[in-house]
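Subject: The structure you were waiting for

Hi there,

Here is the structure to open alongside this message. I have written up what turned up in it below.

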Amino acid sequence: LQEYIDFINKGRAPVKKVIRLTPQDELMEFIMLGLRLSEGIEIDKAPAHENVKEMILSRAIPLIEEGLLEKDGSILRPTLRGFLLLNEVINGLIPG
């Protein structure tokens with residue numbers, strides 16, 4: 001705790017280690033964290049890697065057809081059924 005207080009008092013961020021995410025990890029975080037919220041994910045705010053938006057949309061189509069996701073403009077969000085099966089929804093969107 002004292003180390004944390006010292007960092008703050010010196011005007012420094014209390015960070016010991018910075019982890020750099022790979023593009024795959026960044027995409028996974030975006031999808032996993034976003035879909036756990038009722039607001040869902042905004043595809044236009046997906047990590048800016050090659051063809052990510054197109055990939056998400058193409059992988060979302062079967063999930064939408066199965067009633068697990070709904071699309072509203074550029075927003076993808078789980079349906080009630082999708083929330084109950086959220087791990088399957090996430091696995092369906094993340095490339096393996």
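A polar contact here is a pair of N or O atoms within 3.5 Å; within protein, one of the two must be able to donate a hydrogen and the other to accept it. Please keep in mind that this is a predicted model.

With that cut-off in hand, let's begin at Arg 77. A polar atom of the Arg 77 side chain lies 3.4 Å from the backbone oxygen of Ser 38. Arg 77 sits in strand 3, which covers residues 75-78. Leaving aside residues up to four places away in sequence, Arg 77 touches Leu 35, Ser 38, Glu 39, Gly 40, Leu 68, Leu 69, Glu 70 and Asp 72.

Two of those names come back when we turn to charge. Side chains of opposite charge can pair when their charged atoms come close. Arg 77 meets Glu 70 in a salt bridge, at 3.4 Å from N to O. Arg 77 also forms a salt bridge with Asp 72, where the closest N and O atoms are 3.9 Å apart.

How many salt bridges does the structure hold? There are 3. One of them joins Lys 45 to Glu 42, with the closest N and O atoms 3.8 Å apart. Lys 45 is exposed, at 61% relative accessible area, while Glu 42 counts as partly exposed at 30%.

Strand 2 and strand 3 run antiparallel and are joined by 4 bridges. Leu 69, for example, has Pro 78 in strand 3 as its bridge partner.

Pro 62 is partly exposed, with a relative accessible area of 36%. Its C-alpha atom is separated by 12 Å from that of Asn 91, which is 29 residues away along the chain.

Best wishes

Methods:
Residues are numbered from 1 along each chain as its sequence is written. This is a predicted model: local features need pLDDT of at least 70, side-chain atom pairs count only at pLDDT 80 or more; totals for chains, interfaces and linings use all residues. Side-chain values use heavy atoms; hydrogens and water are left out. A salt bridge is a side-chain nitrogen of Lys or Arg within 4 Å of a carboxyl oxygen of Asp or Glu. Buried means under 20% relative accessible area, exposed over 50%, partly exposed in between (1.4 Å probe, protein chains only). Helices (H or I, at least four residues) and strands (E, at least two) are DSSP runs, numbered from the N terminus. Contact means heavy atoms within 4.5 Å. Two strands pair if DSSP finds at least two bridges between them.
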